[in-house]
Amino acid sequence: MARSGPPLRLFQNWQAKLAATPMILTALVVFIGCSLWTVVYSFTNSRLLPRLEFVGLAQYERLWSTPRWQVSIENLAVYGVLSLILTLAIGFLLAVLLDQKIRFEDGFRTIILFPYALSFIVTGVVWQWILNPDFGLQHIVRGMGFSGFTFDPLNDPNLVILALLAAGIWQGAGLTTVILLAGLRGIDEDVWKAARVDGIPTWKTYIFIVLPMMKPVFATCVVLISAGIIKLYDLVVALTRGGPGIASEVPAKYVYDYMFGNQNLGQGFAASTMMLAAVLAIIIPFALFQLGRKRRV
Amino acid sequence: MAQALRAAPATELDGISVSIRDLSLSYGSVEVLGDLNLDVKDGEFLVLLGASGCGKSTLLNCIAGLQPATEGQIFISGQNVTWAEPSERGIGMVFQSYALYPQMTVEGNLSFGLKNARVPKDEIRRRVARAADTLQLEPLLKRKPAALSGGQRQRVAIGRALVRDVDVFLFDEPLSNLDAKLRAELRVELKRLHQNLGNTMIYVTHDQIEAMTLADRIAIMRGGKIQQLASPDDIYRRPANLYVAGFIGSPPMNLLPGRLEGNRFTGALTADVTGYDFTSRPRGPEVVLGIRPEHVRTGAAAEALPIRAEALVEVVEPMGADTLVWAQLGQTPFRVRMDGESRVRAGDRLSVGFDPASLSLFDAASETRL
Amino acid sequence: MAQALRAAPATELDGISVSIRDLSLSYGSVEVLGDLNLDVKDGEFLVLLGASGCGKSTLLNCIAGLQPATEGQIFISGQNVTWAEPSERGIGMVFQSYALYPQMTVEGNLSFGLKNARVPKDEIRRRVARAADTLQLEPLLKRKPAALSGGQRQRVAIGRALVRDVDVFLFDEPLSNLDAKLRAELRVELKRLHQNLGNTMIYVTHDQIEAMTLADRIAIMRGGKIQQLASPDDIYRRPANLYVAGFIGSPPMNLLPGRLEGNRFTGALTADVTGYDFTSRPRGPEVVLGIRPEHVRTGAAAEALPIRAEALVEVVEPMGADTLVWAQLGQTPFRVRMDGESRVRAGDRLSVGFDPASLSLFDAASETRL
Amino acid sequence: MSDAAFPTRAAAPARASAPRGRLLDGPAGVAPTRRMNPKRIMVYGGLIVFSIYYLLPLWVMVMTSLKGMPEIRMGNIFAPPMEITFEPWVKAWSEACTGLNCDGLSRGFFNSVAITVPATILSIAVAAVNGYALVNWRFKGSEVFFTILIFGAFIPYQVMIYPIVIILREIGLMGSVWGLVLVHVVFGMPIITLLFRNYFSSLPPELFKAARVDGAGFWGIFLRVLVPMSLPIFTVAVILQVTGIWNDFLFGVIYTRPDSYPMTVQLNNIVNSVQGVREYNVNMAATLLTGLVPLTIYFLSGKLFVRGIAAGAVKG
Amino acid sequence: ADLEVTHWWTSGGEAAAVQELARIFTEQTEYTWVDGAIAGSGSTARPIMVSRIIGGDPMGATQFNHGRQAQELVEAGLMQDLTEVAEANGWAEFINPPSLLEACTLDGRIYCAPINIHSPQWMWTSHAAFEAAGVEPATNWEELKAAAPALREAGILPLAQGMQGWQTSLLLNAMVSGIGGADFYLQVYEAREEEALNSDTMRQIWEELAVARELSQGGNLSDWNMATNRLIEGTAAAQVMGDWAQGEFALAGQTAGTDYGCNIGLGGEPYIATGGDAIYFPVNSDAAVTEAQMALANVITGPEAQVAFNAAKGSLPIRGDIDLTEVNACTQQGLETLAAGNTIPSIDMLLSSDTRGQIEDLTAEFFGSSLSAEDAHNRYVQIVMSEM
Ligand SMILES: Nc1ncnc2c1ncn2[C@@H]1O[C@H](COP(=O)(O)OP(=O)(O)OP(=O)(O)O)[C@@H](O)[C@H]1O
Ligand SMILES: Nc1ncnc2c1ncn2[C@@H]1O[C@H](COP(=O)(O)OP(=O)(O)OP(=O)(O)O)[C@@H](O)[C@H]1O
Ligand SMILES: [Mg+2]
Ligand SMILES: [Mg+2]
């Protein structure tokens with residue numbers, strides 16, 4: 001029955017390799033291949049159609065001298081930081097509230113999670129409607145007698161980020177809550193008991209003991225949230241279309257508009273390459289952190 | 001919670017560190033603890049022993065105030081603490097899973113509770129130093145729990161209770177996550193600690209060796225009730241009922257059902273139990289005779305004893321220091337613990353014998369000791 | 001590798017069930033098993049014993065074919081199976097975590113392997129019935145694993161190996177998830193099973209009691225190497241080196257460093273070791289003297305023995321059948337196991353003594369037995 | 001944590017008989033807790049405030065979709081309709097126009113179903129097998145591919161739209177539903193593979209070993225041992241993929257043709273085909289209709305989802 | 001065969017126009033019109049169209065603004081050559097102005113069928129709004145500026161302008177031709193003379209744009225037809241928008257001249273850009289589809305479709321030879337301008353999408369912020385100069 005000698009290396013595990021070909025192809029062809037393709041063409045002057053006429057760094061020079069790109073980057077940074085912090089903070093707060101052995105936990109959780117089921121298009125439409133100055137919040141508050149009340153973030157370049165945040169958090173904080181809740185539930189009951197015996201108030205226990213224990217769970221959330229932030233596009237299109245003016249432009253929209261709307265693929269590719277670089281700048285330290293953590297354990 | 005109501009009459013609680021009165025606890029309709037009464041003396045090492053799920057942790061949590069009792073009262077150091085917060089009860093607690101705060105150093109773990117109680121810095125330093133000294137934790141003070149071994153973590157957990165200068169220590173299976181060797185070592189350390197500190201300690205375990213070696217008294221629990229509360233020796237030699245007899249000892253006591261007429265026992269063997277120290281007479285003739293495997297003598301030594309029989313050896317388990325023999329006495333399985341030097345083989349016939357003074361008799365109906 | 005290497009000369013493997021030749025295994029640069037050789041005889045019960053992480057499971061997985069070896073060869077029943085699939089090796093395996101298929105009934109669990117091998121339905125039914133009968137699983141056949149107790153699950157796991165009619169059974173700590181009582185019971189059952197079936201069994205554990213009671217031979221492992229391969233009795237009485245001496249026995253052997261000049265040992269005590277059965281003479285004068293706690297006699301019994309000393313009792317652990325005494329011999333800790341009847345207290349001075357025949361001597365430099 | 005807020009039994013009053021001369025004065029039994037102490041009020045208060053934030057848009061959507069245009073123009077978006085009309089729903093479902101097609105969302109609905117079902121099944125099947133191979137059948141480089149895959153989860157889609165057009169063209173799937181399915185399989189792969197990998201690696205490896213000893217092969221182990229015990233994670237994967245694919249707009253609009261546009265594209269068309277006044281009520285009805293499928297799934301399987309998340313996501 | 005036609009004509013008037021076209025196509029040929037409307041605007045729809053063409057899954061026909069938008073697709077050989085149809089039907093004879101056909105021509109071959117002329121340089125006024133403020137309807141930019149205080153007083157938005165880039169840049173370009181004149185327009189966008197770009201005229205145009213920003217303050221509008229709707233409602237006074245706005249007025253039942261007014265070139269120089277929409281026919285492997293494509297090309301340029309389509313949409317026909325006596329006053333005005341030869345090439349023909357997009361971004365930013373006219377002007381010059 002025994003086989004004659006060790007099997008060829010290549011055929012060891014051949015079924016697994018075969019079964020993993022979709023993944024290998026996706027990784028190599030789509031993720032690496034397409035990214036490289038994009039990077040290469042970002043050095044060309046491709047317009048409507050890709051063509052290999054290299055122009056060096058010209059696209060990048062132009063990119064960084066374009067005010068709209070700068071605004072986009074700024075917006076993404078502001079939105080990203082705020083949304084990350086707020087989503088985590090609200091998610092954690094909600095998770096803590098839900099963890100208080102409350103009644104109707106399922107109900108509250110469903111309420112918090114349901115917007116996640118909706119597309120950004122839907123989210124954008126709804127919030128546009130709620131924030132519409134003529135019908136929405138402003139109108140209502142004015143109707144209540146505060147006729148001077150002004151809250152029109154969709155038309156105020158300084159506040160438009162708030163509108164994006166309100167909608168973005170509305171849509172996304174539910175998932176964070178659920179993940180953090182699962183994380184909270186995973187914490188050893190005994191730690192809570194120990195803290196009570198030590199006479200540590202609940203809030204302190206959460207902040208000084210539980211929060212640090214949930215680092216890995218937070219890491220998962222940060223990954224998910226930041227992946228969403230970098231891709232932020234649909235919501236902007238649906239809610240503000242980048243307006244008023246260019247006040248709520250984001251990089252992904254810049255890429256899209258230039259690649260297709262303005263028929264300047266080279267510019268779009270340069271912008272997307274910059275996004276790629278940003279992603280790498282975030283992921284690589286994170287991956288190293290993860291690696292380091294594994295090694296230490 | 002009027003202050004006046006809290007202190008119990010001094011005389012009744014004199015020398016009693018923890019007193020539990022009529023404690024009941026139910027989860028919904030499931031009663032986990034039922035009308036439980038227990039007094040733990042000052043400086044006593046009390047072990048709560050019982051099978052998994054019998055309510056040991058629940059009882060400990062009630063004492064700690066982590067679990068509100070459904071009914072009854074709890075007194076600690078003469079104070080009625082039934083409604084008090086855990087941190088106000090003068091107790092320290094050590095958990096099976098250590099429950100250290102993972103992101104704080106050992107020092108942080110030890111001092112966090114004190115900082116929180118606004119103990120002055122100097123005092124904190126003093127107490128941490130003392131605990132670290134007692135438990136030999138000095139070199140570890142700056143480390144985080146992740147960088148400690150299991151035994152070290154457990155010592156830190158004990159230290160956390162220690163710094164709080166409490167009267168009563170509660171342990172919930174503090175050693176069961178450790179490997180056998182470490183467990184044996186820490187057991188001795190704990191015993192030494194108790195000898196040095198002299199605090200009251202209540203210790204939950206389901207390991208009989210731990211219970212036997214550590215306890216001043218053992219409370220054997222079953223289904224939320226205390227079956228027997230006595231010194232290890234008493235529990236071992238004079239189990240109060242069949243449950244305790246079967247629970248304590250490894251391998252457990254041989255239990256032979258039979259009939260008792262006068263002083264004559266008939267069952268898998270026939271025995272004259274004259275010399276047995278009856279505490280009560282059986283109600284019916286049905287009794288159970290119990291004899292520990294280690295009290296059975298074999299071979300030549302058996303010949304001299306008043307009760308004798310012959311058993312068929314089935315399996316022999318040499319365990320180094322001694323040898324366990326699994327035999328059949330008639331149809332009844334019968335275990336004998338022999339010297340490690342003895343050479344018995346499966347299939348041998350073994351003559352066994354024992355002394356009436358070393359056996360136990362139980363009423364078959366009520367299952368209690370006669 | 002050349003064909004010629006495959007079949008080992010028939011004579012060489014006569015009566016050998018599992019043979020491991022020069023087996024090495026590394027994870028990256030970490031060598032977990034190093035150049036290991038081991039022959040397991042037909043029908044033998046071999047126990048692999050060692051501390052956590054010493055490579056026991058890894059070795060077992062190599063034998064089972066679950067872990068490809070970096071180098072070396074494995075023969076089972078005379079066949080070179082180094083590169084064979086696990087299911088083709090004629091082995092059955094039982095895991096610590098039971099590893100039952102949770103969504104299948106007990107019957108499904110038992111028959112899964114046979115179905116995979118396309119055994120005819122009738123035959124499957126027959127074999128399942130036989131295994132169920134051997135292990136008393138009939139009433140459970142329709143249940144799912146979740147509805148079984150720990151012991152029952154373990155029996156199903158054994159049954160799964162049983163139905164496959166294999167030559168070699170591999171067990172990876174099959175009892176360590178069970179509580180002490182159940183463990184003791186199943187241990188005996190396993191021993192009985194081996195007596196009835198007569199298969200070769202290789203059993204991994206880190207529990208010495210299991211090893212001592214079950215094994216025909218024990219292989220003590222450390223850091224991927226076998227330290228000693230011998231019968232339980234030999235290992236207990238004549239440990240091959242300091243590691244084995246310290247590892248086996250609970251509490252372990254007392255080890256007293258000192259100097260040996262001629263037959264005179266000087267250290268925490270002075271002893272004349274005439275009568276000790278040297279296998280080799282020490283290279284230097286530095287030696288370690290080992291004596292098991294249970295071989296130490298106390299009080300009157302000590303007086304008659306050639307080696308005597310006086311120890312200071314520190315902690316006494318009554319354990320029912322016997323009592324452990326933690327004492328100091330000069331500055332060296334010294335453990336004594338006494339009869340359960342003995343009444344010693346902390347602080348007592350205890351006179352101890354032992355026979356040169358029951359002690360072990362080790363070379364301090366090479367750590368091997370003299 | 002918190003003490004039980006709702007004691008199962010009220011604190012018993014001092015019992016009439018004093019058995020065994022026990023002390024009966026002083027606190028006994030459960031400490032009396034008011035049903036609503038300040039802490040509880042804060043907890044529920046906080047939850048209710050957040051619930052309002054979360055529910056308000058839904059409320060507005062539903063209410064607006066039930067109003068006529070005149071009432072909308074006059075009124076308060078938060079007020080319930082004075083006169084309920086289902087006209088907007090009918091219009092959104094079957095009458096709203098985009099260009100010449102005046103069949104509302106109805107066509108998009110069936111297209112969405114036709115896209116979502118195969119894409120969900122296929123993407124989960126592929127990702128589950130990936131996770132399985134990654135955990136149980138590691139081969140040289142498998143972790144590298146996985147890392148690339150995870151990295152791919154971060155790449156903005158825009159970066160890949162163009163090259164994927166070319167890939168789809170080369171394999172002849174551009175414009176077909178299968179091309180879109182392929183795109184969904186590819187872009188769903190990172191997260192779903194991650195989920196399955198985490199889940200499978202949390203299962204005891206002995207199970208896998210036992211199955212190998214039992215002679216089950218690559219697929220046998222997967223299909224007969226692992227899949228049957230992976231319900232929670234399959235639920236999560238199904239929910240995530242159904243919502244993700246159902247809600248997708250970008251791929252739907254680029255990689256299909258108008259006769260197979262999914263519902264979101266139709267929704268976008270309806271919302272953006274402004275004809276005179278924006279018909280907010282129709283927009284809201286259309287929005288609700290589009291979200292109905294994923295919403296229903298969430299409402300029905302919320303518990304399983306949460307359990308699955310705990311099983312697959314928390315161990316990062 | 002089915003012929004799938006993609007376009008972004010989804011507003012009320014536009015949809016009505018497509019309706020007409022589809023009807024005529026179905027009536028006159030044996031082919032079926034499959035509508036592939038993509039809502040949003042050109043910027044939403046074009047990427048979809050382009051990717052489908054590049055992706056080898058082309059539609060039967062597709063709308064583009066004619067000019068340079070599809071040039072590369074044509075160069076890449078992805079568009080059907082219509083020269084034969086054009087010659088057989090004598091397109092060169094009736095298409096007016098001829099620049100329309102030129103924009104469809106590459107190396108002497110014709111690749112698209114123009115369908116309408118779009119003139120973006122119109123200022124629309126709401127008579128009701130002016131009436132409410134008690135002032136005469138403005139007929140040019142200066143009058144509007146003058147009336148603004150009174151309009152504001154009456155709670156009326158002087159200028160209803162959607163904030164999207166293409167709408168604000170449309171306003172800018174209308175000023176370039178309306179205030180600067182046709183020659184100036186050509187100097188700026190065709191010759192891209194630095195002198196013209198830096199001239200005082202240009203500077204002034206940017207100042208005027210800043211004024212427009214003032215006048216549109218408080219509108220908070222984004223879609224153009226929402227803005228038009230304000231005019232129809234009478235809550236806004238004026239809007240600078242292309243002739244397609246007329247479609248909305250028509251749909252609301254309003255009459256040119258009485259309910260609303262129209263002023264080419266913001267009431268200044270009456271030049272209209274002759275850009276517009278054209279239908280392109282992507283190369284296709286199915287012979288039946290190719291036939292259908294040719295048939296559609298023929299229908300589109302035919303008189304019947306021209307009349308019906310342009311009347312509904314409010315745009316101008318591409319034929320000089322059809323009688324449009326029925327058309328309303330505003331269209332009439334456009335036709336006259338056209339007949340007088342007062343035409344200029346549309347911005348789509350003169351600038352690449354890239355440059356145009358940058359200008360749109362600039363004006364969007366300008367309207368959405370307090371960017372000074374001077375800074376904006378400087379950036380504008382750079383953008384135009386960088387056109388390749
Ligand atoms: N929150 C709860 N709700 C309902 N029943 C509970 C709860 N907590 C514990 N129980 C039940 O109470 C009984 C006692 O539990 P407890 O934890 O005190 O057992 P234990 O003796 O500590 O067991 P172990 O040795 O396994 O720790 C068990 O039967 C358990 O099922
Ligand atoms: N996949 C792996 N990669 C690297 N090292 C490993 C891996 N698996 C096991 N090891 C190492 O190999 C050594 C032997 O592991 P093994 O599981 O055989 O130990 P063991 O003797 O069975 O221990 P235990 O009693 O805890 O089960 C350990 O030091 C372990 O850290
Ligand atoms: Mg417990
Ligand atoms: Mg192991």
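The legends below describe close-up views of a predicted model.

Residues are numbered from 1 along each chain as its sequence is written, and chains are lettered from A and ligands numbered from 1 in the order in which they are written. In this predicted model, local features need pLDDT of at least 70 and side-chain atom pairs count only at pLDDT 80 or more, whereas totals for chains, interfaces and linings use all residues; side-chain values use heavy atoms, with hydrogens and water left out.

**View 1. Contacts between chains.** Chain B and chain E are joined by no contact, and their closest C-alpha atoms lie 48 Å apart. Chain C and chain E likewise have no contact between them, with closest C-alpha atoms 47 Å apart.

View 2. Asp and Glu count as negative and Lys and Arg as positive, while His and the chain ends are not counted, and the place of a charge is taken as NZ of Lys, CZ of Arg, CG of Asp or CD of Glu. C:E31 belongs to strand β2 (residues 30-41) of chain C, and C:E31 counts as partly exposed because its relative accessibility is 48%, a value between the limits for buried (under 20%) and exposed (over 50%), with a 1.4 Å probe and protein chains only.

**View 3. Chain D, built from helices.** Chain D has 13 helices and 0 strands, these being DSSP runs (H or I of at least four residues for helices, E of at least two for strands) numbered from the N terminus. Of its 316 residues, 59% count as buried. Among contacts in chain D with a separation of 6 or more, 69% are between residues 24 or more positions apart. Chain D exposes about 12000 Å², with 68% supplied by carbon and sulfur atoms, as computed by the Shrake-Rupley method with a 1.4 Å probe.

**View 4. Chain B, with helices and strands.** The secondary structure of chain B comprises 10 helices and 20 strands, and its C-alpha trace spans about 70 × 45 × 35 Å along the principal axes. Of the 370 residues of chain B, 58% count as buried. The mean positions of its 42 positive and 44 negative charges are 5 Å apart.

Definitions and conventions
Contact means heavy atoms within 4.5 Å.
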